[in-house]
Amino acid sequence: MAQTLVEKIFSKASGKEVKAGEFVMANIDLAMIHDITAPLAIKAFREILGSDAKVWDKSKVIMAFDHQVPADSVHAAENHKMLRKFAEEQGILNYDVKGGIAHQIMVENHVEPGMLIVGADSHTCMYGALGAFATGIGSTDMGFVLAMGKLWFKVPESIRFNVHGKLEKHVYGKDIVLKLIGMVGADGANYKACIYSGEVVEKLGMSDRLTMCNMAIEMGGKAGIVEPDKTTLEYLKAMGRPYEGELLKSDEDAEFQEVELDVTGMEPQVAAPHRVDNVVGISEVEGTRVDQVFIGSCTNGRYEDLKIAAEILKGEKVASNVRLIVIPASHREYRRALKEGLIEIFVDAGALVEAPCCGPCMGGSFGLIASGEVSVSTSNRNFIGRQGSPEGKIYLVNPAVAAATAIYGEITDPRKIK
Amino acid sequence: MKMVGRAWKFGDDISTDHITPGRYYHLRSNMPELAKHVMEDADPDFMKKFRPGDFIVAGKNFGMGSSREHAPLALKIAGVSAVIAKSFARIFYRNAINVGLPVLIADTDSIDSGDELEVDLGKGLVVNRTKGIEIRVKPIPEVMLKILHEGGLVSYVKKHGDIKI
């Protein structure tokens, strides 16, 4: 039977050959919880197993604090304290406030091709860039996973996005995925796995692949996936954990819904307020006056993103009407950016560089916008109120657009400067 | 089980940020307080008009966005009887069932705000008493129906010990 990569992973995890549409009980390889969703998950876990409950396998549960970091209130501090105690009691790995964004920590340190992973956060779908099946679940489902080490799933169908052509300068994985979201809509991939394929994706580095998989949820996708290849293996090696196991891939004649995209001549893409699928070419919103620019998040806070931004910001100053916030996605990305002088470029330009965390993307911590203000952001959601006031506006862009916009104080096409 | 209440109508793609805005997340360990702000960014006056027992009615893709379970939980605590929509975002749908909030897929075009609805979960039927129209509800997958009947995943597992597929 010809199978998609998704069907193969669920066959492995459920111990029987399965097809899309089947309901299965599948064993979980890794479970991720963070400071916002962990408390309810722990509550459900204890309600199921009792107050002295132990997680099913302490080596498979990973905790990180990233949404309110460092603690932005006494409430957040109390929450961190409770979670810290839970991690200690359970003997699970806790990155605490020191690792960065949970998703970035996971791909750097834990995710392997072929794994079935759940995270109590919708952007867990990012890990599929390494050839795993990873999906976001709610806290009660996570409570069940912590107790039982398994979860029921409907095996999803797969949409294969075939991306062809040649990318223009300053057009990246972010622009491709925004374009695709605009094409299929916010629910265009609901319940389905999004497999990114084609000559353009094959040539993309891991950072761009992570960006694309991260945003699969913005078209409703259950997972974002790039079939594992040489780039996957090189990335794992660079992270200090070379992978020599089996590389599961879709069979040639497996069943997919296919979507084609030719990116030749495509300009940088922008998701305009207040929907991620409200996608336009940059020429339609150029000149929009901006109050805040955010470069960071699990979508675009990696070294590669910071390097793109730093090359544009080098020797420049942030416009007087703009506050630029730069937040590396993880401790590892931060160190690399620091070593290579990127952080100095940002500081010299007048940016506020913060420690690795979700930052303004969470909309309930720091770096918020006021009513009537406009934010240009490399993150993944521009819903009403997502970065503060419900009367603010958020435009989602790639890091080059964000950097150029910070210099000129209005939405700026990076291809038109320097 | 029959439920009667008024409908409050929303459009397509209501996100988890509309349902429970991020700026109130400091209230998340005090769910009754967080529940006072449900739907605020979709309709700032919603909680003034809403009465416990009423229904939320929407277009397609209700609950898109975050995996935060606080969204369906806050709706339930606020007293929403059920959400009726043309379709739901995947994680929200599952979370709602897990916390025991009925979520019904049906054609909602004929329902307007203020209409009095009667919902029969067992029969899978929505009766619009104001307009005299009956609407069929799409069947819920069997495993989810069982969980919903026990009032949510935790009580289901406590009673049955495990989930059988």
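Which residue of chain A stands opposite Gly224(A) in β10(A)? In this predicted model, the residue that stands opposite Gly224(A) is Cys194(A). The two strands concerned are β9, residues 193–197 of chain A, and β10(A), which run parallel and are joined by four bridges. Strand β10 itself covers residues 223–226 of chain A, and from this strand Ala223(A) and Ile225(A) point one way while Gly224(A) and Val226(A) point the other way, yet all of them are buried.

Another covered element of chain A is helix α11, residues 303–313, in which eight of the 11 residues are buried. Among these buried residues of α11(A) are Tyr303(A), Asp305(A), Leu306(A) and Ile308(A). Just after α11(A) comes Gly315(A), which takes a positive phi of about 75°.

**Where the chains meet**

Turning to the two chains together, 43 residues of chain B are in contact with 47 residues of chain A. Between them, chain B and chain A bury about 3,800 Å², and 57% of this area lies on carbon and sulfur atoms. On the side of chain B, the residues that lose the most area to chain A are Arg28(B), Arg90(B) and Arg94(B), which together make up 20% of what that side buries.

| Item | Value |
|---|---|
| Salt bridges between chain B and chain A | five salt bridges |
| Polar contacts across the interface of chain B and chain A | 21 residue pairs, both residues at pLDDT 80 or more |

Five helices of chain B, namely α1 (16–19), α4 (70–78), α5 (90–99), α6 (142–149) and α7 (153–160), each supply at least two residues of the side that touches chain A. Of the elements of chain B, α5(B) gives the most to this side, with seven residues. By kind, the residues of chain B on this side divide into 17 nonpolar, 14 polar and 12 charged. One salt bridge is formed where the side chains of Arg94(B) and Asp141(A) meet, at 2.6 Å from N to O.

**Arg68(B)**

A further arginine, Arg68(B), is found in the loop between β2 (55–58) and α4 of chain B. Is Arg68(B) buried or exposed? Its relative accessible area is 6%, and because buried means under 20%, Arg68(B) counts as buried. Leaving aside residues up to four places away in sequence, Arg68(B) touches Arg386(A) from the other chain, and within chain B its contacts include Thr16(B), Asp17(B), Tyr25(B) and Asn95(B). The C-alpha atoms of Arg68(B) and Ile97(B), which are 29 residues apart along the chain, are separated by 14 Å.

Note on methods
Residues numbered from 1 in each chain as written. Chains lettered and ligands numbered in written order. Predicted model: local features only at pLDDT ≥ 70, side-chain atom pairs only at ≥ 80, totals over all residues. Heavy atoms only, no water. Contact = heavy atoms within 4.5 Å. Buried area = accessible area lost by both parts, 1.4 Å probe. Salt bridge = Lys/Arg side-chain N within 4 Å of Asp/Glu carboxyl O. Polar contact = N/O pair within 3.5 Å; in protein donor to acceptor, adjacent residues only side chain to side chain. Nonpolar A, V, L, I, M, F, W, Y, C, P; charged D, E, K, R; others polar. Buried < 20%, exposed > 50% of the residue type's maximum accessible area, 1.4 Å probe, protein only. Pairing = 2+ DSSP bridges.
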